[in-house]
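Student: Please take a close look at the aromatic pairs in this structure. I would like one connected account.

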Amino acid sequence: DTKADVPAKEETKDSKDSKDSKDKEKDGKKAASTRHMMGAVEEAFKKWDITGDGAISKYELHAALTQLGMTEAQVDTCFKSADLSRDGILQYEEFLEWVFRDPAVVQQYCLKSAKEGLHVVTADSFQEFWKKFPEPEDNIDKVFFAAMVILNEDRDLSWTGVKQVLKKPHDFLAKLATHDPNSMTEAKMRKLKYFTGKDYFTQDHYKSHHPVVQALCNWALAIAALELKSSDKKH
């Protein structure tokens with residue numbers, strides 16, 4: 001009887017180890033997402049604080065959010081929700097609390113900024129990139145893997161696969177320009193976060209690399225930070 005119990009104990013231990021490993025991986029991805037979010041929040045606050053006085057007025061918030069497609073009424077609702085002190089301005093602490101209570105606004109800002117940053121990704125810049133990086137260095141291949149997942153070009157997530165996809169740069173650029181973030185499914189988002197959740201997958205890590213790598217990294221992080229709507233496809 002004792003011998004029969006041993007495999008069961010081992011199996012239980014293996015299951016626990018597996019659960020611990022998954023929990024650590026989940027915590028790591030959450031931490032990476034939080035780091036990215038904090039960086040985005042600080043960037044948004046500084047950019048939206050037009051006067052540079054360390055606070056955001058209703059006028060400044062209106063100027064920022066209407067660029068994201070919000071109506072004046074929606075901006076008013078956001079401002080009232082965020083201005084906890086009711087003094088007519090948003091201090092950084094109020095802004096931070098509001099954003100983490102309702103992150104969609106900053107997520108959309110990140111996505112808009114990241115999409116604007118894709119202007120450096122051109123057929124010519126790809127040619128420059130291949131001259132500098134004939135082989136992957138410092139995990140730059142993971143940035144392309146993430147982009148390929150988003151664009152449904154992830155049949156071969158290898159450096160050979162990257163080269164194959166980019167043999168037709170204009171096709172890749174067209175998909176990049178027309179991608180709809182609402183097309184992301186939970187399964188695709190999980191696959192994307194496998195890469196974006198890595199400790200090294202940050203704007204700081206890739207900022208000294210080629211502009212193409214920086215731009216695709218920022219775009220992938222912005223997509224990964226989006227909250228899927230409950231009605232979105234789950235397959």
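Tutor: Here is a walk through the aromatic rings, with some context for the fold. The model is predicted. Its protein has twelve helices and two strands. Along the sequence the pattern reads α-β-α-α-β-α-α-α-α-α-α-α-α-α. Of the 235 residues, 37% count as buried.

Now the rings. Searching the whole structure gives 15 aromatic pairs. One of them joins tryptophan 48 to phenylalanine 95. Their geometry is edge-to-face, with 5.7 Å centre to centre and 85° between the planes. Tryptophan 48 belongs to helix H1 (residues 2-48), while phenylalanine 95 belongs to helix H4 (residues 92-101), so this pair ties together parts 47 residues apart in sequence. Both tryptophan 48 and phenylalanine 95 are buried.

Another edge-to-face pair is formed by phenylalanine 129 and tryptophan 130. Here the values are 5.3 Å centre to centre and 70° between the planes. Phenylalanine 129 has 0% relative accessibility, so it counts as buried. Tryptophan 130 has 23% and therefore counts as partly exposed; the cut-off for buried is under 20%.

Back to tryptophan 48 and phenylalanine 95. Both are members of one aromatic cluster, along with Phe45, Tyr92, Trp98 and Tyr109.

The charged end of lysine 198 sits over the ring of tyrosine 194, at 4.3 Å from the ring centre.

Last, the wider setting. Among contacts between residues at least 6 apart in sequence, 68% join residues at least 24 apart. The accessible surface of the protein is about 13700 Å², and 52% of that belongs to carbon and sulfur atoms.

Definitions and conventions. Residues are numbered from 1 along each chain as its sequence is written. This is a predicted model: local features need pLDDT of at least 70, side-chain atom pairs count only at pLDDT 80 or more; totals for chains, interfaces and linings use all residues. Side-chain values use heavy atoms; hydrogens and water are left out. Helices (H or I, at least four residues) and strands (E, at least two) are DSSP runs, numbered from the N terminus. Buried means under 20% relative accessible area, exposed over 50%, partly exposed in between (1.4 Å probe, protein chains only). Contact means heavy atoms within 4.5 Å. Accessible areas come from the Shrake-Rupley method with a 1.4 Å probe; for residues, only the protein chains shown count as cover. Rings of Phe, Tyr and Trp (its six-membered ring) pair if their centres lie within 6.5 Å; planes under 30 degrees apart count as stacked, over 60 as edge-to-face and the rest as tilted. A charge sits over a ring if NZ of Lys or CZ of Arg is within 6 Å of the ring centre and within 35 degrees of the ring normal.
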